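I opened the notebook to record what I looked up in this structure. The entries follow in the order I made them.

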Amino acid sequence: MTASLRRVVIVGSSLAGLQAAQSLRSAGYGGAIIMVGDEPHLPYDRPPLSKQLLSGSWDPDRTQLRPDAVIARLGLTWRRGVAAVALDPEQRRVELADGGTEAYDAVLIATGTSPRRVANPLGLTGIRTLRTLDDSVALRAALEDNPRVVVVGGGFIGAEVAAEARRRSLPVTMVEALSVPLSRGLGTRLGQLCADLHVANGVQLLCGVRVSGFEGDGHLERVVLSDGTVVDADLAVVGIGSEPATAWLETSGLTLDDGVVCDSFCRASAPGVYAAGDVARWHNPLFDEVTRIEHWTNAREQAAAAVATLLADHGLGPEPAAYAPVPYVWSDQYGRRIQVAGRTMGAEEVTVVHHDPDDGATLALYRFGCRLGGVAGINASRRLLPFRRMIAGRVGWDEALAAAG
Ligand SMILES: Cc1cc2nc3c(=O)[nH]c(=O)nc-3n(C[C@H](O)[C@H](O)[C@H](O)COP(=O)(O)OP(=O)(O)OC[C@H]3O[C@@H](n4cnc5c(N)ncnc54)[C@H](O)[C@@H]3O)c2cc1C
C-alpha cells in the first residue's frame, strides 16, 4: 500500500529546494509544500556571487532564481530565516530553531554545504569565506577598500576571486597546498595552464604551502605560511572547500557519510526521506561509484530526480529511473570559460587532444579503464559537447580518441 502525500517539507530553500518545489507542482502535486530555509532571502543563484555580483555588474536582486510572481504561483508555505535543527523520521517531523515543528509525509533534504574555515583564534576581521549572497556583498565592499589580498586555496571559487581582485588591479597572493592549483579536478596539465593564466595576470602564486596563522591587531595584517613566509595582507579570502550541511541531522539516525547517503534513486536511509544537491551522496550507476557533487547543474537535475522518486513512492508517478548523470561544472576566470564534464579525479590517463597556443583553447580527455570518463576544456565549449554525450553513452577510450581526430 502506498502512503498518502499531503505535506512535503523541503529543507534548504535554494537551487535544489526551489527546483524540487517546481518539479512537484509541474507534476500536478497540489498538496502543501513547506519551504524551510535559514537564509532571509528568496532563493538566489550562487555562481554570480563570485562573478557578476562580485564585479559589480549585477545588483543583488538580479541573483534571485525566479521572479516573485513565479515563486508566488508555486503556493509555498515559507519558513524563511529559520534553520531546521533536527529530523525525526519515526514521527515524520522536522524541528525548527524557533521551537516550531513541521510534520511531513515526505521530506527533501537540500541543505547544501558550508565553507571550511581556517582557525582565527584572535578573532581578526578581514578574513572571509564566500558562500552566501551576504558574503558576496560584504566581500565586494571589502574589495572596494583597495586591500592587499591573499586568496587561500586555488580551487574554482578562490581562482574566480583572485581574477576579480586582479581585474581591480589589487595585489593578490594565492596560496595553494597542492603543487598545481586546480590539479585535483583538472589534472596537472590543465591545472598548470590555469596557474599560468593567473601568473600572467599578475597573481603571486605560492604552491605547496598552507596557511599556518593570521596576525594583526584587531584587523588582519599578515598571513603566515607553513614554510615561514609572511605575506602582508588586509583581506584573506578562504576558499578551501566545503562540508555538507548535515550537523542538524546528527540525531536523526539517517546514514551520514560526507553527506546524506542515498540510493541511486535519491532515497535516504529512512522511509519518506530524500536528498538532492550539494548535500547528497549517492551511487551513480553511470560510473558505478558513490559520489557527492557540488555543481549547479547537479543540484537542479538531482532535485527533479528526487521528486520523481518521491512521487512514485507515493503512487503518484511512474517507476523512476536511477539517477545517472554526467556531472558538469564551469568556471569563469579572466574572460576564459573552464568546463569539466564527467569525472576527472583519479583518471588513469589524461590526453590533451587540442591546444591552441594563440587563443589558449584546450581540450583534454580522461581515461578510466577502457572508457572515456571525463572531458575538460578551456574556451572549448563547442568541442567539449560531443564528448559530454559520449560519456553518457559509455563510449570506449579508443573511440573517443578517434573522434578527437
Ligand atoms: C561563490 C560560488 C560560485 C559558484 N559557481 C559555480 C559555477 O560557476 N558553476 C557551477 O557548476 N557551480 C557553481 N557553484 C556551486 C553551485 O552554486 C552549488 O552547487 C549549488 O548552489 C548547490 O545548490 P543546493 O541547493 O544543493 O545548495 P545551496 O545552494 O548551498 O543551498 C542550500 C540552502 O540550505 C540552507 N540551509 C543549510 N542548512 C540549513 C538548515 N539546517 N535549515 C534550513 N536551511 C538550511 C543554506 O543556507 C542554503 O540556503 C558555486 C558556488 C558558490 C558558493
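**Entry 1: a salt bridge.** I looked up E289 and found that it forms a salt bridge with R343. The closest N and O atoms of the pair are 3.1 Å apart. I note here that I am reading a predicted model, not an experimental one.

**Entry 2: the domains.** To place the two residues, I turned to the domain assignment of the protein. It gives domain 1 as 7-114 + 243-313, domain 2 as 117-240 and domain 3 as 335-404. I then took the centres of domain 1 and domain 3 over C-alpha atoms and found 31 Å between them. Five residues from domain 1 and eight residues from domain 3 make up the contact.

**Entry 3: the area between domain 1 and domain 3.** How much area do domain 1 and domain 3 bury between them? I have it as about 510 Å², with 51% of that on carbon and sulfur atoms. On the side of domain 1, I list L286, F287 and E289 as the residues that lose the most area to domain 3. Together these three account for 84% of what that side buries.

**Entry 4: bonds across the contact.** I counted one salt bridge between domain 1 and domain 3. For polar contacts between domain 1 and domain 3, my count is two residue pairs. I also sorted the residues of domain 1 that touch domain 3: three are nonpolar, one is polar and one is charged.

**Entry 5: cysteines.** A disulfide would need the two sulfur atoms within 2.5 Å. Starting from C207, I get C194 as the residue with the closest cysteine sulfur, again at 12 Å and too far for a bond.

**Entry 6: exposure of the two cysteines.** C207 counts as partly exposed, with 30% relative accessibility.

Key: Residues numbered from 1 in each chain as written. Predicted model: local features only at pLDDT ≥ 70, side-chain atom pairs only at ≥ 80, totals over all residues. Heavy atoms only, no water. Domains from an automatic or database assignment. Contact = heavy atoms within 4.5 Å. Buried area = accessible area lost by both parts, 1.4 Å probe. Salt bridge = Lys/Arg side-chain N within 4 Å of Asp/Glu carboxyl O. Polar contact = N/O pair within 3.5 Å; in protein donor to acceptor, adjacent residues only side chain to side chain. Nonpolar A, V, L, I, M, F, W, Y, C, P; charged D, E, K, R; others polar. Buried < 20%, exposed > 50% of the residue type's maximum accessible area, 1.4 Å probe, protein only.
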